[in-house]
Amino acid sequence: MYRDVSSCNSYNYGDALYWDARYIQEAGSFDWYQRYTALRPFVRRYIPTSSRVLMVGCGNAVMSEDMVKDGYEEIMNIDISSVAIEMMRRKHEHIHQLQYMQMDVKDMSFFPDESFDCVIDKGTLDSLMCGTDAPISASRMLGEVSRLLKPGGIYMLVTIYSKLKLDSGCSLFHFGNLK
Ligand SMILES: C[S@@+](CC[C@H](N)C(=O)[O-])C[C@H]1O[C@@H](n2cnc3c(N)ncnc32)[C@H](O)[C@@H]1O
């Protein structure tokens, strides 16, 4: 379940065209880093099943589907790739707990402030950190995440980076602000 992104400078993981091409090529499903079974202890501990959840950069991962099977009632999934979103929307049209929208995580103005109890990010901030203008992109994204969370809301970040690397890569943002 691990893909080495140490060579991420050779790709533009922050680019929608890159992801569209990739999802056209890889039409199945793939979970980056970890699947829900491994993350479940943390998810269940911090996120009540009645939470309104935003999954940012959902890709074609099975994570959201598995969460619904485990009792989660409302998960909004967004991704910059229209290919991934259309694929996932068709696949899950019968699962009313799952919704899909094509959207840039740096501009989620479609949603009003304090719309979600929880934002889950598995590999999406990491992608922006590999893109052009990484510090600005990452800070925009985190500003939006912060805006969309209700007071006391949870930002669950699954990342390959250490806090030190995140703090230097996202120098315009202080991780201590997110609770
Ligand atoms: C490393 S993949 C992780 C996918 C999925 N979360 C998982 O765990 O398997 C990163 C995802 O972020 C999406 N992404 C990249 N830049 C984005 C952006 N600016 N806005 C929304 N999604 C973005 C990509 O399309 C891709 O699906």
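**Exercise 1. The ligand shell**

How many residues surround the ligand, and which are the closest? Describe the shell by class and by element.

*Solution.* The model is predicted. Step one: the ligand is surrounded by 22 residues. The closest are Trp19, Gly57, Gly59, Ala61 and Gly123. Step two: sorted by class, the shell around the ligand holds 10 nonpolar, seven polar and five charged residues. Step three: helix H5 (residues 124-130) supplies the largest share of this shell, namely three residues.

**Exercise 2. Packing of H1 and H4**

Determine how helices H1 and H4 are oriented to each other, and identify the residues through which H1 and H4 meet.

*Solution.* Step one: helix H1 (residues 16-25) packs with helix H4 (residues 82-91) at an angle of about 40 degrees, and their axes lie 7 Å apart. Step two: angles under 35 degrees count as roughly parallel, and 65 to 115 as roughly perpendicular. H1 and H4 are therefore oblique to each other. Step three: H1 contributes Trp19, Asp20, Tyr23 and Ile24, which meet Ser82, Val83, Ala84 and Met87 of H4. By class, this contact of H1 with H4 comprises six nonpolar, one polar and one charged residues.

Methods. Residues numbered from 1 in each chain as written. Predicted model: local features only at pLDDT ≥ 70, side-chain atom pairs only at ≥ 80, totals over all residues. Near = placed C-beta within 6 Å. Helix = DSSP H or I, 4+ residues; strand = E, 2+ residues; numbered from the N terminus. Nonpolar A, V, L, I, M, F, W, Y, C, P; charged D, E, K, R; others polar. Axes fitted to C-alpha atoms, helices over the stretch in contact; angles between N-to-C directions. Parallel < 35°, antiparallel > 145°, perpendicular 65-115°, else oblique. Contact = placed C-beta atoms within 7 Å.
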